[in-house]
Amino acid sequence: SVTLAPTLGFPPPPSKGAITVTTEDLECLDSGEFLNDVIIDFYLKYLLVQKAPQASVDRSHVFSSFFYKQLTRRDNANEDSTSTPAQVRRHQRVRTWTRHVDIFDKDFLFVPVNQEAHWYLVVICFPGLEEPQYVTRDGRDSVQGDGGEGLGESEGEIHGENRSNSDEDKGKMCQYLQVEWQTKRGGHRDFSGDHMIGSHCTVPLQDNSSDCGLYLLQYAESFLQDPVVDFELPLRLERWFPRQQVRGKREEIRDLILHLYRFQQGSLGHESLEDRTDHGNVIQ
């Protein structure tokens with residue numbers, strides 16, 4: 001037999017690209033549990049659709065949590081690894097993900113990454129900017145450009161620890177941008193480390209092993225709410241937000257999902273996500 005688990009689709013029709021959240025997904029919001037990719041993608045989508053300032057949303061592109069996983073997975077048997085360069089093979093796996101957007105028109109690209117059971121966030125700043133620009137804000141000059149330093153294309157990583165594989169991760173993202181530039185704009189553009197200055201930002205850190213996903217979401221939310229304007233490295237954002245703000249985020253996200261579900265279903269005659277205890281296959 002097939003059990004139907006109640007689901008939330010967000011954003012609701014007629015919007016496209018809905019994230020489907022099930023009762024089982026809610027369980028990862030319990031204390032001490034690791035957030036799964038569904039909750040990560042749902043909340044990032046919610047920020048873009050309902051919560052973040054429209055001006056920031058217009059300037060930003062947020063990739064799915066599956067993007068980096070698909071970009072960096074091992075070659076399939078049917079992928080030609082002899083004549084096609086590795087960076088081109090990787091790009092081909094995700095080339096359709098940006099068919100409706102030119103990411104080089106955006107100021108900020110957000111890439112959620114899960115490596116070795118740890119979530120962290122990569123923010124690429126001004127990927128289409130070829131020369132530094134100096135913008136006067138609040139009476140003082142700030143550099144806008146190549147990554148943290150204002151040289152044009154840039155990748156700044158916002159996460160709490162220096163990871164041994166982060167240089168390899170950055171290299172694959174740089175190669176992706178290079179092939180994407182060739183695909184979208186034509187011609188060669190150097191996105192190597194010499195031109196993209198990466199930085200491990202000083203940010204509020206988790207104090208346990210299970211909250212990395214919550215911190216990723218808070219980093220994205222805080223950045224969208226008030227984008228960084230001074231890119232002098234190293235970026236010091238240790239007072240970005242209080243830890244207390246993250247401690248209540250599991251319950252905040254759970255309540256949000258249940259509220260959205262009830263709003264979509266109507267409060268009478270429907271079981272709520274939290275009241276259903278049976279789990280099973282989800283039929284969409």
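This text goes through the nonpolar cores and then the pockets of a predicted model. Local features need pLDDT of at least 70 and side-chain atom pairs count only at pLDDT 80 or more, while totals for chains, interfaces and linings use all residues. Residues are numbered from 1 along each chain as its sequence is written, and side-chain values use heavy atoms, with hydrogens and water left out.

A nonpolar core here is a set of buried Ala, Val, Leu, Ile, Met, Phe, Trp, Tyr and Cys residues joined through side-chain atoms within 4.5 Å; buried means under 20% relative accessible area with a 1.4 Å probe, protein chains only. The largest core holds 51 residues, and Phe42, Phe110, Ile253 and Ile257 touch the most other members. Elements giving it two or more residues include β1 (7–10), α2, β4 (108–115) and α9 (249–265); helices (H or I, at least four residues) and strands (E, at least two) are DSSP runs, numbered from the N terminus. The largest share of this core, 9 residues, is from α7. Another core, of 21 residues, lies apart from it and has Phe63 and Tyr176 among its members.

The largest pocket contains about 870 Å³ of space. A pocket is an open set of points on a 1 Å grid over the protein atoms alone, where a 1.4 Å probe fits, with protein on both sides within 12 Å along at least five of seven lines; lining residues have an atom within 4 Å of a point. A volume is the space filled by probe spheres set on the points, which are joined across faces, edges and corners. Of its 24 lining residues, Gly17, Lys45, His61, Val62 and Ser64 are closest to the centre of the largest pocket. Helix α2 gives the largest share of this lining, 7 residues.

Definitions and conventions: Buried < 20%, exposed > 50% of the residue type's maximum accessible area, 1.4 Å probe, protein only.
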